[in-house]
Amino acid sequence: MALLRAVADRVVSTLGYSPNLRHGVTGKGLNDYDAVFGILAAHGYRGWVSIEDGMDGMEEMTELLAFLRRMSERYFA
């Protein structure tokens, strides 16, 4: 989180997907999303938030969208 705090004022939206990332269910991995969203919100970030694309079906996509909506409401409302 120290790195994100150091560069949060330089975070920008972009298009595309890095080939270095692996798919997973957002919110169920090792990332501390409360810290990430909190830091971005504290720095006034209001751009796009990218989520995984539900490679394992629509149930996963539904989970991802629900998670993103909850986090957006909590931190960017």
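1. The model is predicted, and local features are taken only where pLDDT is at least 70.

2. The largest nonpolar core has eleven residues: Leu4, Ala8, Phe37, Ile39, Leu40, Ala41, Tyr45, Phe67, Leu68, Met71 and Phe76.

3. Within helix 2, the buried residues are Ala35, Phe37, Ile39, Leu40 and Ala41. Helix 1 (2-7) and helix 3 are what the buried residues of helix 2 pack against.

4. How do helix 2 and helix 3 lie relative to each other? Their axes cross at roughly 40 degrees and come within 10 Å. An angle between 35 and 65 degrees is classed as oblique, so helix 2 is oblique to helix 3. The crossing of helix 2 past helix 3 is right-handed.

5. On the helix 2 side, the contact is formed by Tyr33, Asp34, Phe37, Gly38, Leu40 and Ala41; on the helix 3 side, by Phe67, Leu68, Met71, Ser72, Arg74, Tyr75 and Phe76. Sorted by class, the contact between the two helices comprises nine nonpolar, two polar and two charged residues.

6. Ala41 is a core residue that is buried in helix 2. Apart from neighbours within four places in sequence, Ala41 contacts Arg46, Tyr75 and Phe76.

7. After helix 2 comes Gly44, which has a positive phi, near 80 degrees.

Methods. Residues numbered from 1 in each chain as written. Predicted model: local features only at pLDDT ≥ 70, side-chain atom pairs only at ≥ 80, totals over all residues. Heavy atoms only, no water. Core = buried A, V, L, I, M, F, W, Y, C linked by side-chain atoms within 4.5 Å. Buried < 20%, exposed > 50% of the residue type's maximum accessible area, 1.4 Å probe, protein only. Contact = heavy atoms within 4.5 Å. Axes fitted to C-alpha atoms, helices over the stretch in contact; angles between N-to-C directions. Helix = DSSP H or I, 4+ residues; strand = E, 2+ residues; numbered from the N terminus. Parallel < 35°, antiparallel > 145°, perpendicular 65-115°, else oblique. Left-handed = near helix turned anticlockwise from the far one by under 90°. Nonpolar A, V, L, I, M, F, W, Y, C, P; charged D, E, K, R; others polar.
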